[in-house]
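Please look over the sequence and the structure shown here before reading the notes on one helix and on charged side-chain pairs.

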Amino acid sequence: MPKPTHDTVDIWSVEGRFSHLIYSPKGGIEGVLIDTDGISTQFVFDRHDDGAASRFTGVKAGQTVVIEGIEEGPSPKGEAVHTVYRFERLVTVDGKPVPAVAFEGPVEGKIVRLNYARHGEPNGVVLDTGDFVHTKPHGFARLGLAVGDTIRVEGRAVPLSVGKGRVIEAVLVNGKPVDGAEEE
(Lines give C-alpha, C1' and ligand atoms only; values in the text may rest on other atoms or scores of the structure.)
Protein backbone atom coordinates (compact mmCIF):
# COMPACT_ATOMS: atom_id res chain seq x y z
CA MET A 1 0.00 0.00 0.00
CA PRO A 2 1.52 3.38 -0.99
CA LYS A 3 2.28 5.87 1.76
CA PRO A 4 0.25 9.06 1.68
CA THR A 5 2.24 12.08 0.60
CA HIS A 6 1.78 15.50 2.12
CA ASP A 7 3.11 18.83 0.97
CA THR A 8 4.85 20.31 3.97
CA VAL A 9 6.38 23.71 4.39
CA ASP A 10 9.04 24.42 6.99
CA ILE A 11 8.51 27.82 8.54
CA TRP A 12 11.62 29.07 10.28
CA SER A 13 11.63 31.48 13.18
CA VAL A 14 14.76 33.66 13.01
CA GLU A 15 15.94 36.11 15.67
CA GLY A 16 18.32 38.95 14.89
CA ARG A 17 18.90 42.67 14.95
CA PHE A 18 16.99 44.71 12.38
CA SER A 19 19.43 46.25 9.90
CA HIS A 20 17.33 47.98 7.24
CA LEU A 21 14.61 47.79 4.59
CA ILE A 22 15.50 46.55 1.09
CA TYR A 23 14.24 48.66 -1.80
CA SER A 24 13.03 47.50 -5.19
CA PRO A 25 14.27 49.09 -8.44
CA LYS A 26 10.83 50.71 -8.80
CA GLY A 27 11.05 52.44 -5.41
CA GLY A 28 8.97 50.02 -3.36
CA ILE A 29 10.07 47.98 -0.39
CA GLU A 30 10.66 44.32 -1.20
CA GLY A 31 12.17 43.02 2.01
CA VAL A 32 14.27 43.48 5.13
CA LEU A 33 17.75 42.56 6.23
CA ILE A 34 18.57 41.45 9.76
CA ASP A 35 21.85 40.58 11.45
CA THR A 36 21.87 37.13 13.05
CA ASP A 37 25.08 36.91 15.08
CA GLY A 38 27.14 38.74 12.47
CA ILE A 39 25.52 37.03 9.48
CA SER A 40 23.13 38.90 7.18
CA THR A 41 19.74 37.24 6.72
CA GLN A 42 17.26 38.55 4.16
CA PHE A 43 13.47 38.26 4.20
CA VAL A 44 11.68 39.05 0.92
CA PHE A 45 8.05 40.09 0.73
CA ASP A 46 5.57 38.45 -1.61
CA ARG A 47 5.07 40.63 -4.71
CA HIS A 48 1.35 40.93 -3.89
CA ASP A 49 1.75 41.66 -0.15
CA ASP A 50 1.57 45.45 -0.15
CA GLY A 51 1.13 45.56 3.63
CA ALA A 52 4.27 43.60 4.60
CA ALA A 53 6.51 46.68 4.75
CA SER A 54 4.02 48.50 6.98
CA ARG A 55 4.67 45.91 9.69
CA PHE A 56 8.17 47.37 10.03
CA THR A 57 6.99 50.98 10.52
CA GLY A 58 8.73 52.25 13.62
CA VAL A 59 11.26 49.39 13.82
CA LYS A 60 14.71 50.94 14.19
CA ALA A 61 18.13 49.62 13.26
CA GLY A 62 19.51 47.52 16.10
CA GLN A 63 16.19 46.43 17.58
CA THR A 64 15.85 42.69 18.16
CA VAL A 65 13.23 41.08 15.93
CA VAL A 66 11.87 37.58 15.48
CA ILE A 67 10.66 36.96 11.95
CA GLU A 68 9.09 33.81 10.51
CA GLY A 69 9.79 32.77 6.95
CA ILE A 70 10.21 29.95 4.48
CA GLU A 71 13.72 29.38 3.14
CA GLU A 72 13.93 30.24 -0.54
CA GLY A 73 15.45 27.72 -2.89
CA PRO A 74 18.28 28.49 -5.26
CA SER A 75 17.68 31.35 -7.67
CA PRO A 76 18.05 30.88 -11.42
CA LYS A 77 19.90 34.24 -11.36
CA GLY A 78 22.79 32.92 -9.26
CA GLU A 79 23.85 32.01 -5.76
CA ALA A 80 22.85 34.35 -2.92
CA VAL A 81 25.54 35.84 -0.69
CA HIS A 82 23.43 35.15 2.40
CA THR A 83 20.37 33.11 3.43
CA VAL A 84 17.10 34.34 1.92
CA TYR A 85 13.66 33.60 3.38
CA ARG A 86 10.21 34.40 2.04
CA PHE A 87 8.63 36.62 4.72
CA GLU A 88 5.64 35.15 6.54
CA ARG A 89 5.25 37.39 9.59
CA LEU A 90 6.94 39.67 12.08
CA VAL A 91 6.51 37.93 15.46
CA THR A 92 8.21 40.21 18.01
CA VAL A 93 10.15 43.46 18.29
CA ASP A 94 12.40 43.73 21.37
CA GLY A 95 10.53 40.78 22.89
CA LYS A 96 7.08 42.34 22.50
CA PRO A 97 4.52 40.51 20.31
CA VAL A 98 3.43 42.25 17.12
CA PRO A 99 -0.35 42.05 16.65
CA ALA A 100 -1.68 40.57 13.43
CA VAL A 101 -2.50 43.17 10.81
CA ALA A 102 -6.11 43.28 9.70
CA PHE A 103 -6.86 43.83 6.02
CA GLU A 104 -10.15 45.29 4.87
CA GLY A 105 -9.67 45.70 1.12
CA PRO A 106 -11.32 43.55 -1.55
CA VAL A 107 -9.63 40.31 -2.61
CA GLU A 108 -10.11 38.66 -5.97
CA GLY A 109 -9.27 35.13 -6.94
CA LYS A 110 -10.33 31.83 -8.41
CA ILE A 111 -11.77 29.13 -6.16
CA VAL A 112 -9.44 26.13 -6.09
CA ARG A 113 -11.14 24.10 -3.35
CA LEU A 114 -13.89 24.10 -0.77
CA ASN A 115 -13.27 24.32 2.97
CA TYR A 116 -15.33 22.36 5.50
CA ALA A 117 -16.42 23.05 9.07
CA ARG A 118 -15.53 20.53 11.77
CA HIS A 119 -18.88 18.81 11.28
CA GLY A 120 -18.29 18.39 7.52
CA GLU A 121 -20.47 21.12 6.01
CA PRO A 122 -18.86 23.56 3.52
CA ASN A 123 -18.09 26.83 5.30
CA GLY A 124 -16.00 28.66 2.71
CA VAL A 125 -13.53 28.42 -0.14
CA VAL A 126 -9.79 28.62 -0.75
CA LEU A 127 -8.62 30.90 -3.56
CA ASP A 128 -5.66 30.58 -5.91
CA THR A 129 -4.13 33.46 -3.91
CA GLY A 130 -3.87 31.15 -0.87
CA ASP A 131 -6.61 33.06 0.96
CA PHE A 132 -9.39 31.24 2.84
CA VAL A 133 -12.74 32.97 2.45
CA HIS A 134 -14.95 32.10 5.44
CA THR A 135 -18.65 32.33 4.59
CA LYS A 136 -20.07 30.10 7.34
CA PRO A 137 -22.25 27.19 6.16
CA HIS A 138 -25.41 29.27 5.67
CA GLY A 139 -23.49 31.84 3.59
CA PHE A 140 -21.88 29.15 1.47
CA ALA A 141 -25.31 27.61 0.77
CA ARG A 142 -26.78 31.04 -0.16
CA LEU A 143 -23.96 32.03 -2.50
CA GLY A 144 -23.79 28.83 -4.58
CA LEU A 145 -20.02 28.95 -4.93
CA ALA A 146 -18.13 26.27 -6.90
CA VAL A 147 -14.55 25.32 -7.70
CA GLY A 148 -13.44 27.32 -10.75
CA ASP A 149 -15.54 30.41 -9.96
CA THR A 150 -13.74 33.75 -9.87
CA ILE A 151 -14.90 35.88 -6.95
CA ARG A 152 -14.38 39.28 -5.38
CA VAL A 153 -14.60 39.29 -1.59
CA GLU A 154 -14.86 42.10 0.95
CA GLY A 155 -14.40 41.62 4.67
CA ARG A 156 -11.98 41.71 7.55
CA ALA A 157 -8.89 39.57 7.07
CA VAL A 158 -5.99 38.39 9.18
CA PRO A 159 -2.96 36.28 8.21
CA LEU A 160 -3.30 32.49 8.34
CA SER A 161 -1.32 31.04 11.24
CA VAL A 162 0.69 28.85 8.86
CA GLY A 163 1.79 29.42 5.32
CA LYS A 164 0.85 32.09 2.88
CA GLY A 165 -2.57 33.68 2.76
CA ARG A 166 -5.24 35.22 4.94
CA VAL A 167 -8.52 34.27 6.54
CA ILE A 168 -11.17 36.61 5.19
CA GLU A 169 -14.41 36.87 7.17
CA ALA A 170 -16.58 37.53 4.11
CA VAL A 171 -19.21 40.25 4.27
CA LEU A 172 -19.76 40.65 0.51
CA VAL A 173 -19.02 38.12 -2.24
CA ASN A 174 -19.43 39.43 -5.79
CA GLY A 175 -21.47 42.27 -4.30
CA LYS A 176 -23.91 39.92 -2.51
CA PRO A 177 -24.16 40.04 1.31
CA VAL A 178 -23.05 36.74 2.80
CA ASP A 179 -25.70 36.80 5.53
CA GLY A 180 -28.52 37.87 3.18
CA ALA A 181 -29.72 40.60 5.56
CA GLU A 182 -29.80 43.29 2.86
CA GLU A 183 -31.76 41.13 0.40
CA GLU A 184 -34.58 39.96 2.64
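Does Glu-68 count as buried or exposed? At 17% relative accessibility, Glu-68 counts as buried, where buried means under 20% relative accessible area, exposed over 50% and partly exposed in between, with a 1.4 Å probe and protein chains only. This is a predicted model, in which local features need pLDDT of at least 70, side-chain atom pairs count only at pLDDT 80 or more, and totals for chains, interfaces and linings use all residues. Residues are numbered from 1 along each chain as its sequence is written, and side-chain values use heavy atoms, with hydrogens and water left out.

**Salt bridges**
- The structure holds five salt bridges, each a side-chain nitrogen of Lys or Arg within 4 Å of a carboxyl oxygen of Asp or Glu.
- One of them pairs Glu-68 with Arg-89, with the closest N and O atoms 2.9 Å apart.
- Because Glu-68 lies in strand 4 (residues 64–71) and Arg-89 in strand 5 (residues 83–93), this pair ties together parts that are 21 residues apart in sequence; strands (E, at least two residues) and helices (H or I, at least four) are DSSP runs numbered from the N terminus.
- Arg-166 and Asp-131 also meet in a salt bridge, at 3.0 Å from N to O.
- Within that pair, Asp-131 is buried at 3% relative accessibility, whereas Arg-166 is partly exposed at 24%.

**Helix 1**
- Helix 1 spans residues 136–143, and its residues Gly-139, Phe-140 and Leu-143 are buried.
- Seen down the helix axis, the buried residues fall within an arc of 100°, so they line one face of helix 1; the arc is that of the directions from the axis to the C-beta atoms.
- Just after helix 1, Gly-144 takes a positive phi of about 65°.
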